[in-house]
Amino acid sequence: MPTVIRPRGRAMPPALDEINRRIRRLMDKPADKRRAEEYTRLLVLWAEATTADESVWGKAA
């Protein structure tokens, strides 16, 4: 899977792009406790993925 180029020339690794896709799909669902728990889980995955690679642009966001 290719790396996605984001604004300001920063690249997003495929894993982060997939997490973003999951979050977007999740936000289309009705707000409830289950959605909130899944959103929290995805944010944890995002944080882990961005701290695993010091060059990832997400750490500056």
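Me: Why are arginine 41 and glutamate 38 said to be separated by about one helical turn?
Reply: Because the two lie three residues apart in helix H2; a helix here is a DSSP run of H or I with at least four residues, numbered from the N terminus. Keep in mind that this is a predicted model, where local features need pLDDT of at least 70, side-chain atom pairs count only at pLDDT 80 or more, and totals for chains, interfaces and linings use all residues. Residues count from 1 along each chain as its sequence is written, and side-chain values rest on heavy atoms, without hydrogens or water.

Me: What makes arginine 41 and glutamate 38 a salt bridge?
Reply: The term asks for a side-chain nitrogen of Lys or Arg within 4 Å of a carboxyl oxygen of Asp or Glu. Their N to O distance is 2.8 Å, so the pair qualifies.

Me: Why does arginine 41 count as partly exposed?
Reply: Its relative accessibility is 39%, and partly exposed lies between buried (under 20% relative accessible area) and exposed (over 50%), using a 1.4 Å probe and protein chains only.

Me: How do you know that the length of helix H1 agrees with its residue count?
Reply: The expected span is 1.5 Å times one less than the number of residues. For the 14 residues of H1 (14-27) that gives 20 Å, and the end C-alpha atoms are 20 Å apart, so the two agree.

Me: Why is aspartate 17 called buried?
Reply: Because its relative accessibility is 7%. Aspartate 17 also meets arginine 21 in a salt bridge (2.8 Å, N to O).
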